[in-house]
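Could you walk me through this structure, one feature at a time? I am new to it.

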Amino acid sequence: MTSTQCVVQFCKLSIFNKVPGVTFHGCPTSTEMRNKWLHALRHKCVLLDWTKSRICSKHFESHCFDSQRRLKDNAVPTIFPSVNKKHLPKTYISRTKIERILSRMTQQEIMTDIKNSMNKLKEPMNLDNMVNEEMKFKGEVSTEAQLWLIVKKQEHLNTRLMELLAQNKKHVEALQSNIKQNKNNKKDVDQSMETHKYIVKCLQEKLATYEEQIEILTAVEAR
Ligand SMILES: [Zn+2]
C-alpha cells in the first residue's frame, strides 16, 4: 500500500489534508534518478521506500511539471521546509552533538574511547566453531564472526606493533648510550692531549736548560 503522507520530514501534507493544487507523486524507478533523489533527500526524510513513499508537489520547482501537471521523469525535489533547530527531534541534535564531541577529542582520546568500548564487548566463546561451522554449511561467515575475526587480527597487529616499538626503544637506548660513551672517550682523548702537550712543553724547557749548560761547559773548557 502506498503511503498517504508526504515522505519529506516536517511536511505535514497528506492525501487527507492536501491543499488544492497539491499533487502526490511516487518515487522514480531508474537507478540514476533514484541516486539523485537519495542525494537530494538524504537529510530530508527519515525513511525512503521506493515502492511506498510519496512526495508532494510542494518540493518541486514549477519546471519539474509538464503542462498536464504531471511530474517529469527527470524531476528532483529541491524545495524543503525550513526547520527551526529548537523543533528538531532529539536524534538530530544528538548526532551533531556527537560530531562536535568527536571533533574536540584528540586521536589519543578517541583510541582510548574505542579501546574502552571494545573491552565492554564480549567475544563469543565459540568463535572458532562459529566460523568453522558456518563456513562448512553456508560457505560464508556471518557478519558478527567476520567482525570478531577483524578485531582479533587487529589485536594481533597491535601486539606485534607494541613489540616492534619496544625493540626500537631498546635500539634507541643502546644508540644513546653509545653516543654518551663516545663523548666520554673524546673527553679522555682531549685530556691526554693536554697532558702530552704539557709534557712536551716541559721537555722543551729542559732541553733549553741542557743547551744552556752545554754552552757554559763549552765556554769553560775553551778557557
Ligand atoms: Zn511534502
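The dialogue below covers confidence, salt bridges and one histidine.

Q: What should I know before I start reading?

A: This is a predicted model, where local features need pLDDT of at least 70, side-chain atom pairs count only at pLDDT 80 or more, and totals for chains, interfaces and linings use all residues. Residues are numbered from 1 along each chain as its sequence is written, and side-chain values use heavy atoms, with hydrogens and water left out.

Q: What is the average pLDDT of the protein, and where is confidence lowest and highest?

A: pLDDT is the predictor's confidence in each residue, from 0 to 100. Where pLDDT is low, the predicted coordinates should not be read in detail. Here the protein averages 82, and 83% of the residues score at least 70. Helices (H or I, at least four residues) and strands (E, at least two) are DSSP runs, numbered from the N terminus. Confidence is lowest in helix H2 (residues 90–104), with a mean of 62, and highest in strand E2 (residues 54–56), at 93.

Q: How many salt bridges are there in the whole structure?

A: Side chains of opposite charge can pair when their charged atoms come close. A salt bridge is a side-chain nitrogen of Lys or Arg within 4 Å of a carboxyl oxygen of Asp or Glu. A search of the whole structure finds five. One of them joins Arg160 and Glu163, with the closest N and O atoms 3.0 Å apart. These two residues are three apart in helix H5 (residues 143–222), about one helical turn.

Q: Which residue does Lys186 pair with?

A: Lys186 forms a salt bridge with Asp190, at 3.6 Å between the closest N and O atoms. Both lie in helix H5, four residues apart, again about one turn of the helix.

Q: Where does His25 lie, and which residues does His25 touch?

A: Contact means heavy atoms within 4.5 Å. His25 sits in strand E1 (residues 24–26) and is buried, with a relative accessible area of 11%. Not counting residues up to four places away in sequence, His25 touches several residues, including Ile55, Phe65 and Leu71.

Technical notes. Buried < 20%, exposed > 50% of the residue type's maximum accessible area, 1.4 Å probe, protein only.
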